[in-house]
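Please keep the sequence and the three-dimensional view at hand while reading.

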Amino acid sequence: MNHGIAVTTAVPFSTYRPAMIVAVKHSASAYPAILDSNYFCLNQIAADEIDLLDRFSRSDRRTSRFATGCWSVGPFCLPYLGSALTSYFCDVQGAHDHEDQTVFIGRIVGVRLGNDGTGGRDPLMWINGRAARLAGREYV
C-alpha cells in the first residue's frame with residue numbers, strides 16, 4: 001500500500017551530499033512507512049494540480065490519494081507522480097523528533113525532472129497558510 005502526505009516543510013539541505021529536509025507529523029499515515037523503509041519521495045506539484053493538495057492533506061481522503069494521476073514506481077519502490085515538476089528520491093540519513101513531528105534528513109539518491117511537455121507550469125507554493133501561485137508576482 002502506498003502512503004503519501006502533503007508537506008509544508010521541505011527544504012534543500014547540504015551541498016556536499018545533496019539532501020532534503022522534511023517535517024512529518026507523527027499522526028500522518030506516511031510516518032511509520034518512512035520509519036520502516038528509511039526512504040521517501042518528494043513530488044513538487046504544479047499549481048494546476050491543486051486537487052492533489054486537498055487529497056493528500058486530508059485524512060478522510062486517504063483512500064483516494066493515488067486514485068487519479070500518472071503514478072509510477074521509482075527507486076526503492078517509491079511512488080512518484082509523472083506530472084510532478086520534480087521528484088526527489090531520498091534515503092533517510094537522520095531524524096530528529098520535535099514535539100508532534102519528526103524532521104527527516106534524506107540524502108537525494110535520485111531526481112526525476114518532469115517531462116510532460118507542458119513547460120512553464122507554475123510550482124504550487126504554500127504561503128501565509130494557503131496554496132499560492134507565484135507567476136506574475138513581483139518580489140523586491
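At 70% relative accessibility, Glu99 is classed as exposed. Glu99 sits in the loop that joins β6 to β7 (101-113).

- The backbone of Glu99 has a positive phi, near 50 degrees, although the residue is something other than glycine.
- Glu99 lies 13 residues from Thr86 along the sequence, and the C-alpha atoms of the two are 30 Å apart in space.

**Confidence of the prediction**

- The protein chain has a mean pLDDT of 86, and 91% of its residues reach 70 or more.
- Confidence is highest in strand β6 (residues 86-98), where the mean is 96.
- Confidence is lowest in strand β9 (residues 130-132), where the mean is 71.

**Thr86 in strand β6**

- Thr86 belongs to strand β6.
- Thr86 counts as buried because its relative accessibility is 13%, whereas Glu99 counts as exposed at 70%.
- Beyond its neighbours within four places in sequence, Thr86 touches Leu42, Asn43 and Gln44, together with Val111, Arg112, Leu113 and Gly114.

**Cysteines**

- Zero disulfides are found when the whole structure is searched.
- Cys41 takes part in no disulfide, and the nearest cysteine sulfur, that of Cys90, lies 7.5 Å away; a disulfide would require the two sulfur atoms to be within 2.5 Å.
- Cys41 has a relative accessible area of 18%, and therefore counts as buried.
- Cys77 is likewise in no disulfide, the nearest cysteine sulfur being that of Cys41, at 12 Å.
- Cys77 has a relative accessibility of 64%, so this residue counts as exposed.
- Cys77 is placed in the loop between β4 and β5.
- Although Cys77 is not a glycine, its phi is positive, at about 65 degrees.

**The largest pocket**

- The largest pocket holds about 1100 Å³ of space.
- Its lining is made up of 38 residues, and those nearest the centre are Ile5, Val7, Cys41, Leu42 and Asn43.
- Two or more lining residues come from each of β1 (10-13), β2, α1, β3 (39-44), α2 (50-57) and β8 (125-127).
- Strand β3 makes the greatest contribution to the lining of the largest pocket, with six residues.
- By class, the lining of the largest pocket comprises 30 nonpolar residues, eight polar residues and no charged residues.

**The second largest pocket**

- The second largest pocket has a volume of about 380 Å³.
- This pocket is lined by 20 residues, of which Ile5, Ala6, Lys25, Ala28 and Ser57 are closest to its centre.
- The elements that supply two or more residues to the lining of the second largest pocket are β2 and α2.
- The lining of the second largest pocket divides into nine nonpolar, seven polar and four charged residues.
- Ile5 is listed among the residues nearest the centre of the largest pocket and among those closest to the centre of the second largest pocket.

**Packing of helix α2**

- The buried residues in α2 are Leu52, Leu53, Arg55 and Phe56.
- These buried residues of α2 pack against β4 (71-73), β5 (79-81), β8 and β9.
- In an α-helix there are 3.6 residues a turn, so residues three or four places apart point the same way.

- Ser27 is located in the loop between β2 (19-25) and α1 (30-37).
- Ser27 counts as exposed because its relative accessible area is 60%.
- Ser27 and Ser37 stand 10 residues apart along the chain, and 17 Å separates their C-alpha atoms.

How values were computed
Residues numbered from 1 in each chain as written. Predicted model: local features only at pLDDT ≥ 70, side-chain atom pairs only at ≥ 80, totals over all residues. Heavy atoms only, no water. pLDDT = per-residue confidence, 0-100. Helix = DSSP H or I, 4+ residues; strand = E, 2+ residues; numbered from the N terminus. Buried < 20%, exposed > 50% of the residue type's maximum accessible area, 1.4 Å probe, protein only. 1 Å grid on protein atoms, 1.4 Å probe; cavity = no way out; pocket = protein on both sides within 12 Å on 5 of 7 lines; lining within 4 Å. Points joined across faces, edges and corners; volume = space filled by probe spheres on them. Nonpolar A, V, L, I, M, F, W, Y, C, P; charged D, E, K, R; others polar. Contact = heavy atoms within 4.5 Å.
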